[in-house]
Amino acid sequence: MDHHLLYICQNAIGDIITSLPSIHFLKNRCAHIDVLVSKQFADIFAVDPYINRLIYLPPEWFDTISDNHYKLADPRIRDLFGFYDVIVDSLCTQATTELIQLLNPALAVGIEFGEQLYVYNRKVD
């Protein structure tokens, strides 16, 4: 129960709302849950007692076309290093994949519902 989990949310209101039960379930298994979400949807999580910390970034951070190096240089991202041992990525973009590689959690799970449907699970040795 000592796990620190980062949940990376989708960038669409319906997907975010349907993710809430999953986050609430995970809170029963993890001591600490933070949510990374677009600023435009941050209010949905602002008063949720299951979330320890809300990290919101500008909507363009979640744009799959923009430059990933710019995204990963954001100071709010640097504050995440060394803290999470579990990451759930429901966005699965190139930027979130690179973020997971940089954060190097013990366990990372991703689900993407775009043109492809896949799940990845990576355990770092």
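Analyst: A disulfide is a pair of cysteine sulfur atoms within 2.5 Å. The model discussed here is predicted.

User: By this rule, how many disulfides does the count come to?

Analyst: The test is the distance between cysteine sulfur atoms, with a limit of 2.5 Å. Applied to this predicted model, the rule gives a count of 0 disulfides.

User: Is Cys9 buried or exposed, and what of Cys92?

Analyst: A residue is buried if its relative accessible area is under 20%. Cys9 has a relative accessible area of 1%, so Cys9 is buried. Cys92 has a relative accessibility of 10%, so Cys92 also counts as buried.

User: How many helices and strands are there in the protein, and how do its elements run from the N terminus on?

Analyst: The protein has 5 helices and 6 strands. Read from the N terminus, these elements follow the order β-α-β-α-β-α-α-β-α-β-β.

User: Which residues form a salt bridge, and which parts does the pair tie together?

Analyst: The structure contains 1 salt bridge. Asp34 and Arg53 form this bridge, with their closest N and O atoms 3.2 Å apart. Because Asp34 lies in strand β2 and Arg53 in strand β3 (residues 53-57), the pair ties together parts that are 19 residues apart in sequence: β2 and β3.

User: Where is the place of His32, and what polar contact joins its side chain to that of Asp34?

Analyst: His32 belongs to strand β2, which covers residues 32-38. With a relative accessibility of 17%, His32 counts as buried. Beyond its neighbours within four places in sequence, His32 is in contact with residues including His3, Asn52 and Phe83. The side chains of His32 and Asp34 are joined by a polar contact of 2.7 Å.

User: In which segment is His3 found, and with which side chain does His3 make a polar contact?

Analyst: His3 is in the segment before β1 (4-8), and its relative accessibility of 36% makes His3 partly exposed. His3 and Tyr84 are 81 residues apart in sequence, yet their C-alpha atoms are 7.6 Å apart in space. Residues touched by His3, leaving out those up to four places away in sequence, include Arg29, His32 and Val86. The polar contact of the His3 side chain, at 2.9 Å, is with the side chain of Asp85.

User: Why is the pair of Phe83 and Tyr84 edge-to-face?

Analyst: The structure has 1 aromatic pair. The ring centres of Phe83 and Tyr84 are 5.0 Å apart and the ring planes meet at 85°, so the pair is edge-to-face. At 34% relative accessibility Phe83 counts as partly exposed, whereas Tyr84, at 5%, counts as buried. The angle that settles the matter, over the cut-off of 60 degrees, is 85°.

User: Which residues of helix α5 are buried, and which residue follows α5?

Analyst: Helix α5 spans residues 94-103, and its buried residues are Ala95, Thr96, Glu98, Leu99, Ile100 and Leu103. In an α-helix there are 3.6 residues a turn, so residues three or four places apart point the same way. After α5 comes a residue with a positive phi, near 50°: Asn104.

Methods
Residues numbered from 1 in each chain as written. Predicted model: local features only at pLDDT ≥ 70, side-chain atom pairs only at ≥ 80, totals over all residues. Heavy atoms only, no water. Buried < 20%, exposed > 50% of the residue type's maximum accessible area, 1.4 Å probe, protein only. Helix = DSSP H or I, 4+ residues; strand = E, 2+ residues; numbered from the N terminus. Polar contact = N/O pair within 3.5 Å; in protein donor to acceptor, adjacent residues only side chain to side chain. Contact = heavy atoms within 4.5 Å. Phe/Tyr/Trp six-rings, centres within 6.5 Å; stacked < 30°, edge-to-face > 60°. Salt bridge = Lys/Arg side-chain N within 4 Å of Asp/Glu carboxyl O.
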